Amino acid sequence: SRFETIESRLDKMDSRFEAIESRLDKMESEISAIKIGQAELRKDMKELKLKVNETYELALDAWGQSTKNRVWLDKTLKM
C-alpha cells in the first residue's frame with residue numbers, strides 16, 4: 001500500500017540520518033583531538049622560542065665577554 005511505501009522510505013531516511021549523525025559525531029571527536037594537539041603545539045613552540053631566545057642571549061653575552069677578554073689580554077701582553 002501507499003502507506004507502507006511511505007513508511008519504507010521514511011525508514012531508509014532514518015537509516016541515512018543515523019549514518020550521517022554517526023559520521024558527524026566521529027568528526028567532532030577528531031576535530032576536538034586536533035584542537036588539543038594544536039594547543040599543545042602552540043605551547044611547545046612558545047617554550048622553544050623562549051629557549052632559542054635564551055640561547056641567543058647567552059651566545060651574545062659569551063661573544064661580548066670573549067671580546068673583552070681579548071682586549072684585556074692584548075693590553076696585558078703589550079705591557
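## Terms and basis of the model

Patches, as the word is used here, are made of residues with over 30% relative accessible area and no salt bridge, where like charges are joined within 9 Å and nonpolar side chains (Val, Leu, Ile, Met, Phe, Trp, Tyr) within 5 Å; a salt bridge is a side-chain nitrogen of Lys or Arg within 4 Å of a carboxyl oxygen of Asp or Glu.

This is a predicted model, in which local features need pLDDT of at least 70 and side-chain atom pairs count only at pLDDT 80 or more, while totals for chains, interfaces and linings use all residues. Residues are numbered from 1 along each chain as its sequence is written, and side-chain values use heavy atoms, with hydrogens and water left out.

## Overall form

The chain has one helix and zero strands, where helices (H or I, at least four residues) and strands (E, at least two) are DSSP runs numbered from the N terminus. With a radius of gyration of 34 Å, well over the 12 Å that the globule rule gives for 79 residues, the chain is more spread out than a compact globule; the radius is taken over C-alpha atoms, and the rule is 2.2 Å times the number of residues to the power 0.38. Along the principal axes, the C-alpha atoms fill a box of roughly 115 × 10 × 5 Å.

## Surface and patches

Of the 79 residues, 0% count as buried, a word that means under 20% relative accessible area, with exposed over 50% and partly exposed in between (1.4 Å probe, protein chains only).

A nonpolar surface patch of about 760 Å² (Shrake-Rupley method, 1.4 Å probe) includes Ile-6, Phe-17 and Met-27. Met-27 lies in helix α1 and is partly exposed, at a relative accessible area of 45%. A patch of negative charge, in which Asp and Glu count as negative, has Glu-4, Asp-14 and Glu-28 among its members. Asp-14 belongs to helix α1, residues 2-78, and is partly exposed at 46% relative accessibility.

## Toward the end of the helix

Ser-66, also found in helix α1, is partly exposed at 26% relative accessibility. Its C-alpha atom is separated by 16 Å from that of Leu-77, eleven residues apart along the chain.

Definitions and conventions
The place of a charge is taken as NZ of Lys, CZ of Arg, CG of Asp or CD of Glu.
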